Every structure is written in C-alpha cells, then in structure tokens.
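Student: I would like to take a close look at a single part of this structure, and I would be glad of a careful, connected explanation.

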Amino acid sequence: MKRRELRERIFEILVRVEFMNEKEMEEQMELFFEDLAEAKPADVDYIKNKYLAVREKMPMIDIMIDEKSKGWKTSRMGKVELTILRLAVYEMLFDEDVPATVAINEAVEIAKLYGSEEAPRFINGVLGKMVRE
C-alpha cells in the first residue's frame, strides 16, 4: 500500500475509538484486518503500530489541539475532524518520517474525503497554528 492509503486505514481504525470501548476495539481490529485482504504483513504491522502509538499519545495530543483550536474544544468537535487532527498532530510531532507539511496536506486530503464541507479549512487552520507557534 502507498503511504496515503496506509494513513487512511489508520484513520478508519482511529475513528472507531470514539464509539467503542477497549474490548470492542480489539474485536474491531481483528474484523478490520480480515476485511483488508490486500494488505501485506508489513502494511498490517505499520497500521497497527501507528494506531497504537497515536492511541497512547491521545491525551497529550488532545491537550495540544485544545490549545490551538480557539472556541472548539475536542469534546465539541466532530469525531471525524478530531480523528484527522489527532493523526496529523501525532505525525507532525512524534513521527520523524513525516514532515509537518506532508502531515498537514494529508490531513486536509482526508478531511475532503471523510469530513464535512468546512473540515478541510478547519483542519488546515488548527494544524497551521501548530507549526507557526
């Protein structure tokens, strides 16, 4: 799989965190990978590892998002937009393989596919503040 497709698959798993408890997420992961027949073992490992890494840092990432998104706390954000932000912030701050500009661009592209009409602009604005400040 290409990086963009891997990123979308990570997003698809991460968004489920908002709707499922830990035990349900384990089952969801199994089902997700059963349906992802075209994935190579290296792709599966990449997706799982990045999902777990983002999940581990989510409390810290949410605090950072809250600081940059004036008037929009994570508790009020749409689940899709919040998930896109979490993944992008993780990539920008904790993944040395992904330049910040790439993380922002990819987040905006995912927002165009999965988010509301205003999502790409909102995502770009919040992530832009992260790089500028």
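Predicted model: local features only at pLDDT ≥ 70, side-chain atom pairs only at ≥ 80, totals over all residues.

Student: How are α4 and α5 oriented to each other, roughly parallel or roughly antiparallel?

Tutor: Helix α4 covers residues 79-94 and helix α5 covers residues 100-114, and the two pack at an angle of about 165°, with their axes 9 Å apart. Angles over 145 degrees count as roughly antiparallel, and α4 and α5 are therefore roughly antiparallel to each other. As for the handedness of the pair, α4 passes α5 in a right-handed crossing. On the side of α4, the contact is made by Val80, Ile84, Ala88, Glu91 and Met92, while α5 brings Ala100, Ala103, Ile104, Ala107, Ile110, Ala111 and Tyr114. Sorted by class, this contact of α4 with α5 has 11 nonpolar residues, no polar ones and 1 charged residue.

An α-helix has 3.6 residues a turn, so residues three or four places apart point the same way.

Now consider α5 by itself. At 1.5 Å a residue, the 15 residues of α5 should span 21 Å, and this agrees with the end C-alpha atoms, which are 21 Å apart. The buried residues in α5 are Ala103, Ile104, Glu106, Ala107, Val108, Ile110 and Ala111, and what covers them includes α1 (3-14), α4 and α6 (119-132).

This brings us to α6, which also packs against α4. Here the angle between α4 and α6 is about 30°, and their axes lie 11 Å apart, and that makes α4 roughly parallel to α6. The crossing in which α4 passes α6 is right-handed. From α4, the contact uses Glu81, Ile84, Leu85, Ala88, Val89 and Met92, and from α6 it uses Ala119, Phe122, Ile123, Val126, Leu127, Met130 and Val131. The residues of this contact of α4 with α6 divide into 12 nonpolar, no polar and 1 charged.

The length of α6 can be examined in the manner used for α5. At 1.5 Å a residue, the 14 residues of α6 should span 20 Å, and its end C-alpha atoms are 20 Å apart, which agrees. Within α6, the buried residues are Ala119, Pro120, Ile123, Val126, Leu127, Gly128 and Met130, and their cover includes α3 (41-68), α4 and α5.

Leaving aside residues up to four places away in sequence, Phe94 touches Lys57, Met60, Ile61, Met64 and Val89. Phe94 and Ser75 are 19 residues apart in sequence and 23 Å apart in space, taken from C-alpha to C-alpha.

For contrast, Pro59, which is placed in helix α3, counts as exposed at 55% relative accessibility. Lys40, in the loop between α2 (22-35) and α3, is likewise exposed, with a relative accessible area of 54%.

How values were computed:
Residues numbered from 1 in each chain as written. Heavy atoms only, no water. Axes fitted to C-alpha atoms, helices over the stretch in contact; angles between N-to-C directions. Helix = DSSP H or I, 4+ residues; strand = E, 2+ residues; numbered from the N terminus. Parallel < 35°, antiparallel > 145°, perpendicular 65-115°, else oblique. Left-handed = near helix turned anticlockwise from the far one by under 90°. Contact = heavy atoms within 4.5 Å. Nonpolar A, V, L, I, M, F, W, Y, C, P; charged D, E, K, R; others polar. Expected span 1.5 Å × (residues − 1). Buried < 20%, exposed > 50% of the residue type's maximum accessible area, 1.4 Å probe, protein only.
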